[in-house]
Amino acid sequence: MTSLTKNAVEIHHLVKRFGQVTAVDDVSLSVADGEFLTFLGSSGSGKTSTLFIVAGFEDPTSGSVEIDGRSVLSVPPNERNIGMVFQRYTLFPNMSVRDNIAFPLSVRGRPQNEIDRAVAEMLDMVRLGSYAGRRPSELSGGQQQRVALARALVYRPRLLLMDEPLAALDKRLREDIQQEIRRIHRELGVTILYVTHDQEEALRMSDRIAVFSHGKIAQIGSGSDLYERPANGFVASFVGNSNMLRGRLRGVSERMASVELADGTVLHGLSDANLIHGTQVEIMVRPERLIPSSSRAGDLTSLQSVEGTVIDVSYLGEAVQYEIATRWQQNIVVRNDSRASGLELGASAHFSFHVHDALVFPTQPSAS
Amino acid sequence: MILTLNRMGRGRFVLYAIAGATSAFLLLPVVFIAFLSFGSSQWLQFPPPGWTLKWYEVLFADPRWLASMLVSLKVGLCVMALSIALGLPAAFAIVRGRFPGRAALHAFFISPMIVPVIILAIALYALILKLGLNGSFLAFVAAHLILALPFSVICIVNSLEGFDISVEKAAIICGATRLQAIRRVTLPAIRLGILSGALFSFLVSWDEVVLSIFMASPGTQTLPVKMWTTLRQDLTPVIAAVSTLLIVMTIAVMLVAAFLRRRIAR
Amino acid sequence: MPALVFLFLFLVLPLSSLFLVSVTEPSLGLGNYAKLLGDAAYGRVLFNTFFVAGVVTCVTLVIGYPVAWLLAILPARTAHLLMAAILLSMWTNLLARTYGWMVLLQRTGIINRTLIDLGLINEPLPLINNLFGVTIGMTYIMLPYVILPLHATLSGIDPAIMQAAAITGAKPRQIFWRILLPLSLPGIGAGCLMVFVMALGYYVTPALLGGTANMMLAEMIAQQVQSLLNWGLGSAAAFILLAVTLVFFAIYVRVVGLGKRS
């Protein structure tokens, strides 16, 4: 990649160590102009450290960050032309909503009439026009974050960084503001780097998602890439719900792996990884891809099935979730449309799934 | 509530009695002095044989009392300004600094509160005698500042710790330089702490007796020194008049402080 | 940092040179310390100091605990009034308050006159210029310093704990002895240590309400330096006081922690 591409941000081999701890471990990625890219990961996975290095609040141990093809590591944060919305409410408590939004333009010494016009436009955009004279302490959390968003965008920054901006809000409000951020992204076309630990939020909002784990990017891709074609067991279990059936590798041909479970059942699944015969592996099947069927599926079709007893039924509104005890001593979860014929507690049933819906990964080192 | 009052049975009357007695005990000398300052008895009889304002007249007619008040006021204002000027950077270093020994630095700034004042007094007394500075403005200010500094440091550190540094970062990423961010965002946000630090610093200086006794010369005295030397001679009702004025001032400061806190905290 | 320079010049430097004085005047060595700790007259001063500080600490705790408790459970309005009385007395000029007690306690003062008028005594009681006067005055001055930390601790205790104790069958008396009192021990420790340490080094009140016969340590230090110009002995006494203070402060830090806020 060279600076001739239209990438807004280029990160190369970024490393950040705090003493013995490596917070960011050789992260490289590029963000296209106008893209909405989300860093998804649990706390301590390195996503926030990476964002703070882009913002300029932290210096990397090594590696580079380029914005529009120019390295910004020597540029102080206030000159990077970046907008940022923080996890906590960071409105200036001593200023009104209007003065908060005007602040970035005021420190840039813009003429007053231009400031007034831009502030009015932003207030309009976040639909808080009637709150211009209020103090931050008089606003709700959601309103405060919308003002913070307006303040971050009023000076048309090259890049908008958002560090878990909705973490402190309740679910309904969070979804409203997610929609609002999507709309603003569409309208302004600004490049956004978004950090969250909420996979649903990441899937809902992003063009692409980078899944962080232990300071590294486990996978980067669109939401459906991560869900349908997870690169490894970590991503498979982190993004969406999944059943990870433990077994031993019997053989691989082409991209098809055969796995023997503890009770001797043999299942097949796709695999891209380099698997070693006889090692412990896991087969991932999404709960909604398991379909109850009255009988065992035929061996000749690409369908295969597992058998088990229903030990728990939860009604979830749009779906019903069953917990199934299997013969190989591992419970699995099945989720179906709630209108489909229900299974009774204690019923024994077969659950069939397509070979292409099963993915085989090497067993992850147990993380506990 | 810890143990609800009306569930406590007769025990609560004991508590009420103790609270009433304690309030009386605490207010007794304060109210008593105020009464006596208007009493006509030179020997502080109570109840006074008659009422008069003559002790206030004596007080305001005596240039030495007025001079000592003026010295106290000047020293107090100076201590207040210096206490903030020195305390503000110190508090930033304590809260924001990332150097080892930060906790030790914090403890050092607060240490004058622990050292008994009499020890500070004779140590400084030896120093200013050596320098020939006794009775000088500088001696008073420096001595009072030692006691005032911990108050401004504590007040500013507390409010700075309560201030989310992300807000300052937000200002910087918005394009403000670090200095601009501190001046326009951080300082206004911690102004209540700075204000209380200033107020405490002034009061510490205004009320300080022990250090002042040792710093004073017969020519230059602060108000507490003048009261002290007068008290050691006799219990003249003029002291009651001065004390009453000081009590009124205390009440005024308490009211202003309560009012400011309510307004700013809003 | 200017504050550091200032404290170095006006705190560290004077204290260090004072220490030097204590071991060099009139002659090199620990003679001053030996004299202070060995001589009966000075031992008397040390005893007075610890005795008064101890009594003041106990009395303020006994009076202060119920008051702090009331502050936590009274309706807000009444509690504010009580708090205002405490703060007013605390913030009133120290000399003004001490003056009040000098007048109240003197031979012809209101307390003696009332007792004589009631026929309880024939001769005025010696309430002032002795350790009794000092104890009264210091108790008065230290009382807020034990009430405020106790109040902070007591109001920080979750009332649900008391409710939980009550619902499991504890009587109010049992709740007090077995729950409330143990939970308020940090406040008791903080208040008592603060009062004790302050009382040890207090100068103004003992100097005005005490007598020349029974001095306390701070008075003695001032007298040695100011009147007798005996710098060596005075500064040695100062460092004994400082050492004792630091020991108790170390205990305070152990018990309460430094700069911990509720």
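Which residues of α2(C) meet which residues of α3(C)? I began my notebook with that one, and the answer is that C:Lys35, C:Leu36, C:Leu37 and C:Gly38 in α2(C) meet C:Ala40, C:Tyr42, C:Gly43 and C:Leu46 in α3(C). Contact here means heavy atoms within 4.5 Å.

**Ground rules.** I am working with a predicted model, in which local features need pLDDT of at least 70 and side-chain atom pairs count only at pLDDT 80 or more, while totals for chains, interfaces and linings use all residues. Residues are numbered from 1 along each chain as its sequence is written, chains are lettered from A and ligands numbered from 1 in the order in which they are written, and side-chain values use heavy atoms, with hydrogens and water left out.

**Helices α2 and α3 of chain C.** I looked up the geometry of this pair next. Helix α2 (residues 31-38) and helix α3 (residues 40-73) of chain C have axes 5 Å apart and pack at about 70 degrees. Axes are lines fitted to C-alpha atoms, for helices over the stretch in contact, and angles run from 0 to 180 degrees between N-to-C directions. α2(C) is therefore roughly perpendicular to α3(C); the cut-offs are under 35 degrees for roughly parallel, over 145 for roughly antiparallel, 65 to 115 for roughly perpendicular, and oblique for the rest. By class I find 5 nonpolar, 2 polar and 1 charged residues in this contact. Ala, Val, Leu, Ile, Met, Phe, Trp, Tyr, Cys and Pro count as nonpolar, Asp, Glu, Lys and Arg as charged, and the others, Gly among them, as polar.

**Chain C as a whole.** I noted 13 helices and 0 strands. Both are DSSP runs numbered from the N terminus: helices are H or I with at least four residues, strands E with at least two. The C-alpha trace of chain C spans about 70 × 60 × 35 Å along its principal axes.

**Chain C against chain B.** Which chains share the most contacts? Of the 2 pairs of chains in contact, B and C do. I find 75 residues of chain C and 74 residues of chain B in this contact. The buried area is about 7000 Å², with 84% from carbon and sulfur atoms; buried area is the accessible area (1.4 Å probe) that two parts lose on being put together, summed over both. Helix α1 (residues 2-24) of chain C gives the largest share of the side of chain C that touches chain B, 13 residues. That side divides into 62 nonpolar, 11 polar and 2 charged residues. I also looked for salt bridges (a side-chain nitrogen of Lys or Arg within 4 Å of a carboxyl oxygen of Asp or Glu) and the count between chain C and chain B is 0.

**Chain A against chain B.** Here 24 residues of chain A touch 19 residues of chain B. About 1900 Å² is buried between them, 63% of it from carbon and sulfur atoms. I did find 1 salt bridge between chain A and chain B: A:Arg88 pairs with B:Asp164, with the closest N and O atoms 3.1 Å apart.

**Chain A and chain C.** No contact joins these two, and their closest C-alpha atoms lie 22 Å apart.

**Inside chain B.** To finish, I checked helix α4 (residues 102-110) and helix α6 (residues 137-162) of chain B, whose axes come within 8 Å and cross at roughly 135 degrees. These helices are therefore oblique to each other. B:His106, B:Phe109 and B:Ile110 in α4(B) meet residues of α6(B) including B:Leu149 and B:Pro150.
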